[in-house]
Amino acid sequence: VAVKLYYRLTNEEYLAGVESSVTVRAGERTETAVIRALIEGVPPLASNVSALFPGGTSIENTYYEKGILYVTLSKEVLDDSIIASLKEEDYQSPEDYQQAVDEATREMYLRRRLGVLSIVNTIAGSDEGSRVQIMVDNEGSGSRMPYETFGFEKRQGEIMEPMGFDESVVVTPEKVAGCLFERIANGQYDMAYALVAESDYYGITKPAYAD
């Protein structure tokens with residue numbers, strides 16, 4: 001099936017749609033195959049996008065009910081090794097260690113939030129009006145999680161509900177330009193370079209980063 005899969009735009013807080021072809025296995029739901037493709041990683045030849053799900057994440061179950069696709073992911077989706085792998089002795093001071101922990105925590109929750117929205121936007125984008133309920137496996141059954149578990153800070157204290165297509169997280173030319181100038185202003189030239197088009201309409205390719 002031909003579908004637009006949503007992946008993270010480089011290191012930014014946005015999703016970019018990538019047109020792709022997904023193989024549906026015998027006895028597999030089309031929606032399951034599409035989500036599986038998202039979890040497995042970035043399609044061949046796709047550039048400047050990155051996958052969002054921790055290694056070992058799998059789909060435990062999917063089913064439709066009254067226009068809502070219920071998706072149960074394995075508990076590996078909540079992997080926190082990005083934080084657990086940090087060791088205080090590797091840093092010059094407790095303050096440096098705490099800063100690294102804070103940055104890793106922000107990145108972990110950003111990936112979780114974008115991961116949820118990548119599934120939601122991929123499914124809802126191909127089936128207008130549909131909604132997706134994300135759950136996590138809990139001893140053989142899917143459990144709804146608090147919004148903050150997946151990095152939705154504005155919904156603290158609430159349990160996740162079915163979600164529809166989220167336009168605000170989808171990249172646009174204006175958002176790319178904003179990210180580009182912000183990276184340049186912060187001296188993050190390698191991240192800025194990744195946001196520049198590989199070539200223009202005339203076929204002229206961008207210079208190598210070293211140049």
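Helix α1 passes helix α3 in a right-handed crossing, the near helix being turned clockwise from the far one by less than a right angle. The model is predicted, and local features need pLDDT of at least 70, side-chain atom pairs count only at pLDDT 80 or more, and totals for chains, interfaces and linings use all residues. Residues are numbered from 1 along each chain as its sequence is written, and side-chain values use heavy atoms, without hydrogens and water.

The contact (heavy atoms within 4.5 Å) joins Glu 31, Val 34, Ile 35 and Leu 38 of α1 to Ser 118, Ile 119, Thr 122 and Ile 123 of α3. These residues divide into five nonpolar, two polar and one charged. Helix α1, residues 30-40, packs against α3 at an angle of about 140 degrees, with the axes 10 Å apart. Axes are fitted to C-alpha atoms over the stretch in contact, and angles run from 0 to 180 degrees between N-to-C directions.

Helix α3 (94-126) also lines the largest pocket, as does α4 (173-185), each with at least two residues; α3 gives the most, seven residues. A pocket is an open set of points on a 1 Å grid where a 1.4 Å probe fits, with protein on both sides within 12 Å along at least five of seven lines, and lining residues have an atom within 4 Å of a point. The volume of the largest pocket is about 830 Å³. Of its 25 lining residues, Glu 13, Arg 106, Glu 107, Leu 110 and Arg 113 lie nearest the centre. The lining has eight nonpolar, five polar and 12 charged residues.

The second largest pocket has a volume of about 280 Å³. Strand β2 (residues 15-21) supplies the largest share of its lining, three residues. By class, this lining has 10 nonpolar, four polar and one charged residues.

Note on methods: Points joined across faces, edges and corners; volume = space filled by probe spheres on them. Helix = DSSP H or I, 4+ residues; strand = E, 2+ residues; numbered from the N terminus. Nonpolar A, V, L, I, M, F, W, Y, C, P; charged D, E, K, R; others polar.
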